[in-house]
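Welcome, and thanks for taking a look. Below is a short briefing to read alongside the sequence and the model.

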Amino acid sequence: MEIKHRGLGYRLKKGWPAYLFIMPATLLIGLVKVKPMLEGIILSFYKAGLKSKFFVGLENFKNLTGTFLTQELINTLIFAAILVPSMLIISLILAGMISKFGKTKATIFRGAFYLPKVTAGVVMTMVWLWMFNPIWGIFNYILSFMGIKPVMWLADPVMSKLSVCMVVIVSNVASSIIIFSAAIAGVSKRYLEAASLEGANSLQIFRYVTVPLISPTVLFLLLTTTSGSFQIFSAVILLTEGGPMHSTLTVGLNIYHQGFLYYRFGIAAAHGVVLLAIIFIICFFQFRIMRRRFEY
Amino acid sequence: MFRKFVVGLVVGLMVLLVGQFALAGEIIEIDFWESQQPIDRVMKNVIEPFEAEYPNIKINLVFVGPGQMHDTVSTALAAGMPPNVLLGYSGRLAKWAWEGFLIDHKWTLTQTEIDNFLPGVVDTFSIEGKLFCYPCYFVPVVFTANKTLLERIGVWDLVPQSIEEDWTISDFMMIAEKVKEYNPDIYSAFFHANGRGGDVYMLDYFKGFGANHYASGDLTDVTLNSEAGIEALEWMGEMVDRGYAPKGVAAFKSSDIAKMRNAGLVVFSSGAMSPVLPHVAREMYDTKASPELWEWKWIRQPHLAGIDSPGIFISPGVISVFQTEDSQKLAASILFAKWVNNNTMKWFTEQSGNIPLQKSVEPKHLIKNEDYARLSDYLAEYGITDAGIHSPHYTQIRNLRFPELQAYFMGKKTAKEALDDFAKAAEDLWK
């Protein structure tokens, strides 16, 4: 049977209550998200300082090749490459484990994992800085019992990246756990029982039944985690300020430096536009690839 | 005489302009941003008395956290909506002054008021002869020694007992060796190369070798990579290699100094003077931030033989007035800023526990303090050394220095390479 595609007028007439309900949120998102984004794109074509602003076309983008497409982009890609799979795998495993607990236990564990999320970021960072300190930090204190020499957690280019990733994962994994838990809870018990009757063990049921059935959630978290990882900023500025030797300088932090330290607002905006494009392209392909793998 | 006439004229015009509005019954609103004291106290002690005296001026007080002040004002400037009057830390103001956002405060001050500032103050806060703020008070950056711990180690007698006594880097190294022999976990110095906050503490060590950002006074000529600067940095590296200072410099922040001091893990340090003040030490001990009631003494900074004793770096609080095309608002802003400067500076200084930059302000918390008296004498003799605060690129330069210092302490660059690269990057800011 041929499906008739109706016009916009018909759809508005038919679905006006829905449009009415989403209008406030749409307007708000437009005002606080889309408008600044568009203004940022426009600003990237200007040489803009504190006082002056004039059109320079693509000049800001030409200048990026010397600074932008080198260390901070590589650092950002490394962070994303570590953070996205780690956060998804860790949160999926933890959510799977929590789903096996009873209601009370599951609530306690979810609450425990969520605690870092509700703690103020600055406070959390202070605690992490204390733990990473090479002289009185608890990590080196524990390692000393094993006869391991003090590790320069934040004073070594490789270790500082891993340390920042550790902080980001612990601070942010909770949201993914909650979302995965909700998705796992929504999987019909019938499929799990059927797989069990067929002789599958818990691990096989989780891998071959649960995970495929929650693939839309995996896609959602893949997209949001990817986007968030590319925009990594607060953990870096609070822990390392991009150091040592720019080894944790990310695109997000460099945007801040260009804008608020050097007052090169146009160049900062150009960095932002390139970052936006990169995130968009990666998410687009993730979406296309993952959508084909939906099991239902 | 001419100056007096011009200042009189400026102030007279301001009062006239503001008075016009008073006669018309109109209210002039001033946006006052401050980052120093809680709003309720400022309202009660500053705003209310001022508004009572000038009922046609309304002060809109906004508290901006010290950490957010720079970004908030920068955003406001870019949006064309800066405050009218700002009371805050001055390290970020030079750029705004350079761009012409701040008025020249010199023409609102009489010669007597200018002379009332401590020696070197007006130059430190001037760009091309224009004073970009009313300097208020400061935290001095001084060299201090943990007397309690040094006595326990048995080397206090080797340390200069007072600010009047001089000593050299060689003397300092000799004591450092003895401290290490006593306990390798106690250090004689602490260097930090991460984060811009408190970066003058690190610069202070350079000063002992006769190196500073702008030795020639030319802001475009960065001289930290001079022979003296290279020698200073190599000395710091040697301190770390010998175990006199802890490893991990590339990750340490200035806030770590306080932890080291409180824990008794470092016997000498360059930093804010406040821990030397007995009431601060007592408070640290009472709140259990410090496990022992250490007695810290302010001592003269060790320096290379043949190098003059340096002046003092300061971390200052100031008041600034932003330019506005609204002449009435500008007049009222200057009136308010001057009023704060003349009438409430003592209060602000006492509240902050800092040292006044004006001779006439004598806060009660400092009058009987021996260190304050000695500091005043020292400042009168050696003055203030400018760490580059009045460079329009001061904030950016701070950001460029640390990666290079990190590279040196991580062994990726020599002291010369690191400081040359820093100087080049800093000079490139002018291109």
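A salt bridge here is a side-chain nitrogen of Lys or Arg within 4 Å of a carboxyl oxygen of Asp or Glu. By that rule Lys253(B) pairs with Glu241(A), with their closest N and O atoms 3.9 Å apart. This is a predicted model, so local features need pLDDT of at least 70 and side-chain atom pairs count only at pLDDT 80 or more, while totals for chains, interfaces and linings use all residues. Residues are numbered from 1 along each chain as its sequence is written, chains are lettered from A and ligands numbered from 1 in the order in which they are written, and side-chain values use heavy atoms, with hydrogens and water left out.

**The interface**

- The contact (heavy atoms within 4.5 Å) draws 29 residues from chain A and 36 residues from chain B.
- Between chain A and chain B, about 2,600 Å² is buried, and carbon and sulfur atoms give 66% of it; buried area is the accessible area (1.4 Å probe) that two parts lose on being put together, summed over both.
- On the chain A side, Leu50(A), Met245(A) and Leu261(A) lose the most area to chain B, together 23% of what that side buries.
- How many salt bridges cross the interface of chain A and chain B? The rule finds one.
- There are also eight residue pairs in polar contact between chain A and chain B, both residues being at pLDDT 80 or more. A polar contact is a pair of N or O atoms within 3.5 Å; within protein, one must be able to donate a hydrogen and the other to accept it, and residues adjacent in sequence count only if both atoms are side-chain atoms.
- In chain A, α11 (234-239) and α12 (251-261) each supply at least two residues of the side that touches chain B. Helices are DSSP runs (H or I, at least four residues), numbered from the N terminus.
- The largest share of that side, four residues, comes from α12(A).

**The loop between α11 and α12 of chain A**

- Glu241(A) lies in this loop and has a positive phi of about 55 degrees although it is not a glycine.
- Glu241(A) is partly exposed, at 24% relative accessible area; buried means under 20%, exposed over 50%, and partly exposed in between (1.4 Å probe, protein chains only).
- His246(A) is found in the loop too, with a positive phi near 65 degrees and a relative accessible area of 34%, which is partly exposed.
- Pro244(A) also sits here, and the peptide bond from Gly243(A) to Pro244(A) is cis, with omega near -10 degrees.
- For context, most residues other than glycine have a negative phi, and most peptide bonds are trans.

**Salt bridges within the chains**

- Over all chains, the search finds 17 salt bridges.
- Glu39(A) and Lys35(A) form one of them, with closest N and O atoms 2.8 Å apart; both lie in helix α1 (residues 8-43) of chain A, four residues apart, about one turn of the helix.
- Lys259(B) bridges to Asp256(B) at 3.5 Å between the closest N and O atoms. Lys259(B) is partly exposed at 36%, whereas Asp256(B) is buried at 8% relative accessibility.

**Cysteines**

- The whole structure has zero disulfides over all chains, a disulfide being a pair of cysteine sulfur atoms within 2.5 Å.
- Cys165(A) is buried at 2% relative accessible area, and Cys283(A) is buried at 14%.
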